[in-house]
Amino acid sequence: MPVRSMKLAGERFELTARDAAFPELLRTIPKPPARLYGVGDPAALKAGLAVVGARRATPYGRGAAKRFASMAAARGIVVVSGGARGCDAVAHEAALAEGAPTVAFLGGGCDQVYPAENAGLFQRIVDGGGAVVSERPWDFPPQPYTFRERNRLIAGMSRATLIVEAGLPSGTFSTADEALAAGREVWVVPGSITSENSRGANRLLYQGALPIVDDDAFADALFTTYGCLKEPVVGAGEPGRESGGAALTPEEELLAALSAEPLGMEALRGLARAHGPAEGDSLTWLMVWLTKAQRDGLIAQYPDGRYGPRVAVAARRER
C-alpha cells in the first residue's frame with residue numbers, strides 16, 4: 001500500500017468530544033471517534049453530503065460524481081468523501097471547481113496520505129477552505145481495516161450519502177451500511193444491470209434507497225433534506241476523464257464504459273480521444289478494438305448502431 005509521508009501546509013487541529021468545535025453529527029454515530037486530527041479549517045466540519053463511489057470507476061460513475069457533487073457544492077453544501085481514486089477524488093475536485101469547501105476523511109493519519117498520487121488534491125482541499133481529517137494520529141500508517149472504519153465518519157458527517165457507483169462487495173457499499181446505522185439517508189444513482197460496478201448500487205435501490213434518476217430528482221432530495229432552493233446549476237458535470245480517476249488501461253476504460261451504458265460512435269470517439277493510446281490515430285485504434293471486442297464476445301452492436309454489453313442482445317433474443 002504505497003503512502004506518502006508528508007505534512008500538508010495549513011492550520012492543524014485536534015478535537016475531542018469535549019470541544020465546542022467537535023462536529024455535532026459525529027457525537028451520535030455508533031462508535032463516535034475519540035479524537036479528530038485535521039489540517040485545514042475546522043469550520044468546514046458541518047453537516048454535508050457524502051458522495052462516494054467506485055475506485056475503478058467507469059466514465060459513467062465519474063460523470064455522475066462530478067455532476068451531483070457540483071450541484072450540491074453550488075448550493076452551499078459541503079461535499080464529504082474519502083479522497084480515494086475514482087469517484088471520491090472526482091467529487092472533491094467538483095466541489096473545488098465550484099469554489100466550495102470539501103472534506104476528506106483519510107484511513108491513516110494526515111501525515112501519511114493515501115493514495116499518494118492524490119497528495120496534491122489533499123493540499124488543494126486545505127487551500128480551498130476545506131479540511132483533511134482522520135481519527136488516527138498524525139503518523140499512523142493506513143491499514144485495510146482503517147478504511148472500513150473511516151467510512152462511518154464519512155457517512156456520519158453527512159445528512160445523506162449519495163452512492164454514484166458501487167460493486168459487490170465494496171467499501172462504497174459499506175459506507176451505505178454505515179449511513180443506515182447512523183440513521184442517515186442513502187441516495188443512489190442507478191446503473192446498468194450488466195455493469196459489475198453497479199451491482200451494489202442497484203442492490204441498494206432494490207432494498208429501498210432513494211433513486212437519483214436525474215437532476216430534478218437530486219434537486220428535490222436536496223430541497224427536502226437540506227432546504228436548498230431548486231435553482232438550476234449551469235455547467236453541472238459531464239462524463240469524461242477526471243483527475244483522480246482509476247488507473248485502467250485504454251481497453252478497460254472502453255469496456256467499463258460500455259458495460260455501464262450503450263454508446264454510439266460519437267461518444268466512443270470522444271472516449272478514444274480521451275483514453276486511447278498517446279500515440280497513433282485514436283479512431284483507427286477504436287475501430288480495431290471494437291472489431292476484436294465483438295469477435296471475443298465482450299460487446300455487441302445493437303440495431304440502432306450503438307455498442308453495448310453482449311448480454312443485452314442475448315436477453316433480447318431469448319424473449
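This is a predicted model: local features need pLDDT of at least 70, side-chain atom pairs count only at pLDDT 80 or more; totals for chains, interfaces and linings use all residues.
Trainee: How much space lies in the largest pocket?

Mentor: Start with the general idea: rolling a probe the size of a water molecule over the atoms shows where empty space is left. In this model, the largest pocket holds about 560 Å³ of space. Its lining is made up of 28 residues, and those closest to the centre are R55, A84, R150, G171 and T172.

Trainee: Which elements give two or more residues to that lining?

Mentor: They are β4 (48-53), α5 (144-156) and α6 (171-181). The most comes from α5, which supplies six residues.

Trainee: How do the residues of the lining divide?

Mentor: In the largest pocket, 11 are nonpolar, 11 are polar and six are charged.

Trainee: What volume does the second largest pocket have, and which residues line it?

Mentor: The volume is about 250 Å³. The lining consists of R56, T58, T194, S195, E196, N197, L248, E252, L255, A256 and S259. By class, that gives three nonpolar, five polar and three charged residues.

Trainee: Back to α5. Which of its residues are buried?

Mentor: An α-helix has 3.6 residues a turn, so residues three or four places apart point the same way. In α5, the buried residues are T146, F147, R150, N151, R152, L153, I154, A155 and G156. R150 is also among the residues closest to the centre of the largest pocket.

Trainee: Take a residue in β9, T161. Is T161 buried or exposed?

Mentor: T161 lies in strand β9, which spans residues 158-165. The cut-off for buried is under 20% relative accessible area. T161 is buried because its relative accessible area is 0%.

Trainee: Which residues does T161 touch?

Mentor: Leaving out residues up to four places away in sequence, T161 touches A50, V52, A155, T175, A179, E185, V186 and W187.

Trainee: Last, the cysteines. How many disulfides does a search of the whole structure find?

Mentor: In general, a disulfide is a covalent bond between the sulfur atoms of two cysteines. Here the search finds zero.

Trainee: Why does C87 count as buried, and what is the relative accessible area of C110?

Mentor: C87 counts as buried because its relative accessibility is 0%. C110 is buried as well, with a relative accessible area of 0%.

Methods. Residues are numbered from 1 along each chain as its sequence is written. Side-chain values use heavy atoms; hydrogens and water are left out. On a 1 Å grid over the protein atoms alone, a cavity is a set of points where a 1.4 Å probe fits but cannot get out, and a pocket is an open set with protein on both sides within 12 Å along at least five of seven lines; lining residues have an atom within 4 Å of a point. Grid points are joined across faces, edges and corners, and a volume is the space filled by probe spheres set on the points. Helices (H or I, at least four residues) and strands (E, at least two) are DSSP runs, numbered from the N terminus. Ala, Val, Leu, Ile, Met, Phe, Trp, Tyr, Cys and Pro count as nonpolar, Asp, Glu, Lys and Arg as charged, and the others, Gly among them, as polar. Buried means under 20% relative accessible area, exposed over 50%, partly exposed in between (1.4 Å probe, protein chains only). Contact means heavy atoms within 4.5 Å. A disulfide is a pair of cysteine sulfur atoms within 2.5 Å.
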